[in-house]
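Hi everyone, thanks for making time for this. Please bring the model up on your screens, and I'll walk you through a few parts of it.

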Amino acid sequence: MATPGNIRCARCSMVVLDVFNAVMQDLMQHQPISAPDLYKMIMKDKYFRRQKLNSDEMHTIQTLVNEGFSKLDFSIIYKIAKYFRGFIPPPTRNWGANPLLNEIDIGDDVERIRRKRNRFVHQINANISEEDMNDFFDTVIEIGKRIDKDLNKIGLNSFEKTIQHYRSCSMEPETTDKYIRALQKIESLEKKLTVQIDGKELHFYEGKSIAHVIANVEESLNGEQTTALKLIFHDVKDEDEQIELLNKLCSENNINTENIKFICATKECIAVLVFLQNSFLVESTLLLSEVNLFVQKIISSTGMKFVNDKVFDIVIVSSEDESAESLLDQSNESVHDFKEPDTKGQ
């Protein structure tokens, strides 16, 4: 039986799955390149196909030929917009950056949507408070208003109206279950390790995006190369203070371990971006062992406390944040300017 927290989570999930995907699809409809031509661009770009898309996403890309943008979800379109410049107007600063309050261009709102989406995609328990739900809807309704204006969407079909409807519409148990399951399927978090620390349990969950990262680094494994990952700490007390302390420790270089380099900590739960040696990444046991040591160092260095004093939950997923990627060696990746595809002779 669904709890009130489950129902609130399902309402947010409806926005994440139905509205956020539709926003990105509509934005793609308003740019000058057709879906079939985008397909040709992607198929010509070996690096993008192999390094940015997993097997499921490559299967979805095939639908561009006959079904337009209608099957592409938020994640795929975000990757396209970020890599092939020009499809969606970029944020005020850069892709991946957390927009400031006064930054309200289309790209800024796409970044806001991504952060809201990731918070739910990386959530272990399908349960949120009324305060969190109201904060979510207040924010995304304002985003919906701005995007409606940009895309000239009016009336009952506007994103604003749809979001408002989801906030208070009738929720059948089947609907609640359907949306929670669909949301959880995106990252398919799986518990990989439980560690006992001073009478407390530290649970490590791994998302399926890690498998795609590992498959890519295995092709050209070099122990001295590193890959950016995201570690998400759930239900931390005094999040803002902890984030400030973590970034201070980072600037003082007091939080790295031998094989993991701390990059930064950000909001939407506490997301810690790190670099991990590829040689440790490809071995599941080594990966979990290194992350466990790093997390324990963070907890002991900061005095981090969790809402549940008995259980700590840590999620490990791939990182797509520009703040992390900008620190990577990008010698193998060129900047892709938007241009009409060359269709001569095709």
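This is a predicted model: local features need pLDDT of at least 70, side-chain atom pairs count only at pLDDT 80 or more; totals for chains, interfaces and linings use all residues.

In which sense do strand β2 and strand β6 pair, and over how many bridges? Strand β2 (residues 200-206) pairs with strand β6 (residues 311-318) in the parallel sense, over 6 bridges. To be clear on terms, two strands pair if DSSP finds at least two bridges between them.

Residues are numbered from 1 along each chain as its sequence is written, and side-chain values use heavy atoms, with hydrogens and water left out.

Back to the sheet. The whole sheet is open and has 6 strands, in the order β1-β2-β6-β3-β5-β4, with mixed pairing. β1 (190-197) and β4 (260-266) stand at the edges with a single partner strand each, so one side of each has no neighbour in the sheet. On average, neighbouring strands here are turned by 25° against each other, direction ignored. Those angles are between axes, which are lines fitted to C-alpha atoms, for helices over the stretch in contact; angles run from 0 to 180 degrees between N-to-C directions.

Now to β3. With β6 it runs antiparallel, joined by 5 bridges, and Leu-231 has Ile-316 of β6 as its bridge partner. With strand β5 (residues 270-277), β3 pairs in the antiparallel sense over 8 bridges, and there Phe-233 stands opposite Ile-270.

Is β3 enclosed or open to the outside? It is largely enclosed by the rest of the structure, because 7 of its 8 residues are buried. Buried means under 20% relative accessible area, exposed means over 50%, and partly exposed lies in between, using a 1.4 Å probe and protein chains only.

Next, the loop between β3 (226-233) and α12 (239-251), where Asp-235 is found. Asp-238 is in that loop too. Phi of Asp-235 is near 55°, a positive value in a residue other than glycine, and Asp-238 also has phi near 55°. Asp-235 counts as partly exposed at 47% relative accessibility, whereas Asp-238 counts as exposed at 52%.

Last stop, a pair of helices. Helix α7 (residues 106-121) and helix α8 (residues 130-151) pack at an angle of about 150°, with axes 10 Å apart. That makes α7 roughly antiparallel to α8; the cut-offs are under 35 degrees for roughly parallel, over 145 for roughly antiparallel, 65 to 115 for roughly perpendicular, and oblique for the rest.

Which residues meet there? From α7 they include Ile-106, Ile-113 and Phe-120, and from α8 they include Phe-136, Val-140 and Ile-147. Contact here means heavy atoms within 4.5 Å. By class, the contact has 7 nonpolar, 1 polar and 8 charged residues. Ala, Val, Leu, Ile, Met, Phe, Trp, Tyr, Cys and Pro count as nonpolar, Asp, Glu, Lys and Arg as charged, and the others, Gly among them, as polar.

Conventions
Helices (H or I, at least four residues) and strands (E, at least two) are DSSP runs, numbered from the N terminus.
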